[in-house]
Amino acid sequence: MRRIFKYLPLIILASALLFAFWVNKAETKPETIRDIAMDTFIEITTYHQPRDTASEEILKDFKYLESIFNRYDENSVVYDVNKHAFEKPISIPSIFENLLTESLKLSDYTEGHFNPAIGPLVDVWRKVIKGEDISNLPDINIVKEAISISKTENIIINERNGQVSFAIPGVSLDFGAVVKGFAVDRAFEILKNKGIERAVINAGGTIGVYGSPPGRKYWRIGIQHPRKEGIIGVLNLTSTMVISTSGDYERYKIIDGKRYHHLLNPFTGYPTEELLSVTIINKNGLLSDAVSTAVMSMGLEKGIEFLTQKSLMAIIITPDLKIHFTGDAESLFQPEL
Amino acid sequence: MKRGDLLIYLFSASMLLFSFLLYLFLYSGLGFDQHIESVVVEYKKQVYAKIPLPSPERTIDINGPWGVIMLDLNGYKVRVNPFSPPYCPDKICMRQGWISKPPETIVCLPNRIIIYYQGGKYIDGLTH
């Protein structure tokens with residue numbers, strides 16, 4: 001007993017030092033930057049030591065991705081490929097080959113419901129969905145023709161030369177469904193290399209949480225209510241994850257009481273029906289993005305069967321506003337009352 | 001060891017414990033600053049206006065390189081006035097209507113104008 005008293009001052013001093021160290025360490029301040037890239041709103045919050053440039057680097061990378069994968073930008077790589085790859089093989093940078101190859105794999109994985117060659121169909125519907133031409137819906141024959149061109153078999157990758165070509169004219173790649181998830185994956189790499197402990201990346205609604213939450217148990221990510229302002233519930237997450245949602249409320253026009261939105265079923269050629277929104281929770285952003293798009297097209301029964309078989313976490317909302325879960329998603333979900 | 005020494009030790013130990021608990025208490029609320037402080041208008045990552053909230057019902061003009069943007073304010077609600085001078089080709093932000101709490105934002109893609117709330121955060125992100 002006496003001995004403890006003898007060392008008491010030391011013990012107190014040591015705990016004071018530990019405490020000070022802990023406080024100092026925990027005191028990484030969150031900093032948020034906002035901008036527009038990849039045609040969408042970007043918000044990056046990093047919890048870091050002063051003078052860190054990770055956020056800026058991530059933003060720069062997003063703009064770089066946009067310069068490659070924006071199919072509406074005449075200076076982008078994908079524009080060049082779409083325009084000329086039938087005439088002659090086009091040399092592509094490795095990042096392009098990488099996303100193309102991964103997208104083709106994910107297209108197989110989702111049994112064609114996610115389709116990176118969906119460009120021709122997107123073009124058929126674009127004016128209707130943007131509200132520029134609501135007087136006439138596309139002719140069924142035009143839709144059918146677009147479906148027949150929108151096939152991944154028409155894409156030929158020559159890995160040895162780093163080139164891509166198209167088997168028939170009119171083929172058009174569209175990475176719009178996955179580029180945000182891909183971007184978040186790349187952002188995580190930057191955070192890792194920079195030694196950033198925690199961050200939240202919002203790439204136009206695809207959200208990445210990185211590391212452990214700051215001084216609390218969970219990261220809290222709201223899920224948009226598909227039919228009104230505000231959220232339908234919150235996901236409580238403890239560590240790195242990418243959350244991606246596809247919904248029929250994002251870009252749409254209602255014509256004669258029917259909703260025409262930007263998510264197209266590659267088999268029917270029409271906007272998907274049955275589901276209002278699909279949220280996927282996965283460590284891989286590219287997969288989250290591709291699968292959320294694909295399940296919208298699959299519909300409820302097929303979608304749940306697919307997700308269960310692949311053990312993926314998903315939250316599906318049907319028109320009766322019922323919430324369906326697969327994987328362990330239910331245990332993460334907290335409904336908004 | 002004298003009795004006085006012990007008292008000093010006990011005193012410093014309890015002070016340490018107290019500050020530890022106080023810190024835990026303060027830190028547990030950190031990250032979610034409960035109340036909305038202001039609405040911020042950013043253009044190309046530069047802050048052009050920061051208006052404290054809540055605000056009485058009024059309309060204000062914000063001038064910037066893009067032209068003029070008219071903001072309607074009412075309490076914590078904010079919108080771009082639908083009759084704002086046409087500074088923007090697609091007018092999506094004018095048609096968007098009111099936002100009332102974070103993380104709702106008004107974003108004008110062509111002009112790179114972002115209107116967002118400072119404070120009042122209750123979630124880390126919104127997936128949509």
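Strand β4(B) and strand β5 of chain B (residues 77–80) run antiparallel and are joined by four bridges; two strands count as paired if DSSP finds at least two bridges between them. Helices (H or I, at least four residues) and strands (E, at least two) are DSSP runs numbered from the N terminus. The link from β4(B) to β5(B) is a hairpin through one residue. Within this pair, L71(B) is opposite V80(B) of β5(B).

G64(B) faces G67(B) of β4(B) across the pairing. In a regular strand, side chains alternate between the two faces of the sheet.

## Basis of the model

This is a predicted model, in which local features need pLDDT of at least 70 and side-chain atom pairs count only at pLDDT 80 or more, while totals for chains, interfaces and linings use all residues. Residues are numbered from 1 along each chain as its sequence is written, chains are lettered from A and ligands numbered from 1 in the order in which they are written, and side-chain values use heavy atoms, with hydrogens and water left out.

## Chain B as a whole

Chain B contains two helices and eight strands. Read from the N terminus, the order of its elements is α-β-β-β-β-β-α-β-β-β.

The radius of gyration of chain B is 23 Å, whereas a compact globule of 128 residues would have one near 14 Å. This radius is taken over C-alpha atoms, and the globule rule is 2.2 Å times the number of residues to the power 0.38. The C-alpha trace of chain B spans about 80 × 30 × 25 Å along its principal axes.

## The contact between chains A and B

Chain A brings 47 residues to the contact and chain B brings 32, where contact means heavy atoms within 4.5 Å. About 3,500 Å² is buried between the two chains, and carbon and sulfur atoms give 62% of that area. Buried area is the accessible area (1.4 Å probe) that two parts lose on being put together, summed over both. Of the area that chain B buries against chain A, 22% comes from D124(B), T127(B) and H128(B), more than from any other three residues.

Between chain B and chain A there are 13 residue pairs in polar contact, both residues at pLDDT 80 or more. A polar contact is a pair of N or O atoms within 3.5 Å; within protein, one must be able to donate a hydrogen and the other to accept it, and residues adjacent in sequence count only if both atoms are side-chain atoms. On the side of chain B that touches chain A, α1 (3–28), β6 (105–108), β7 (113–119) and β8 (125–127) each supply at least two residues. The most come from α1(B), with 11 residues. By residue type, that side of chain B has 20 nonpolar, seven polar and five charged residues. Here Ala, Val, Leu, Ile, Met, Phe, Trp, Tyr, Cys and Pro count as nonpolar, Asp, Glu, Lys and Arg as charged, and the others, Gly among them, as polar.

## Links across the interface

Strand pairing also crosses between the chains: strand β8 (residues 219–224) of chain A runs parallel to β8(B), with three bridges joining them. T127(B) in β8(B) is the bridge partner of I223(A).

Three salt bridges are counted between chain B and chain A, a salt bridge being a side-chain nitrogen of Lys or Arg within 4 Å of a carboxyl oxygen of Asp or Glu. One of them pairs R216(A) with D124(B), whose closest N and O atoms are 2.9 Å apart. E56(A) and K45(B) also form a salt bridge through their side chains, at 3.0 Å from N to O. E56(A) is in helix α2 (residues 54–69) of chain A and K45(B) is in the loop between β1 (36–43) and β2 (46–52) of chain B, so this pair joins two chains. Over all chains the count comes to 18 salt bridges.

## Backbone details

Two cis peptide bonds can be located in chain B. L53(B) and P54(B) are joined by one, with omega about 0°, and P54(B) sits in the loop between β2 and β3 of chain B. The bond from P102(B) to P103(B) is also cis, with omega near 10°; P103(B) belongs to the loop between α2 (92–96) and β6 of chain B.

In chain A, M38(A) has a positive phi near 50° although it is not glycine, and M38(A) lies in the loop between β1 (29–37) and β2 (40–48) of chain A. D256(A) likewise takes a positive phi near 50°, in the hairpin of β11(A) and β12(A), which has two residues between its strands. Those strands, β11 (residues 252–255) and β12 (residues 258–261) of chain A, run antiparallel and are joined by four bridges. Y252(A) has H261(A) as its bridge partner in β12(A).
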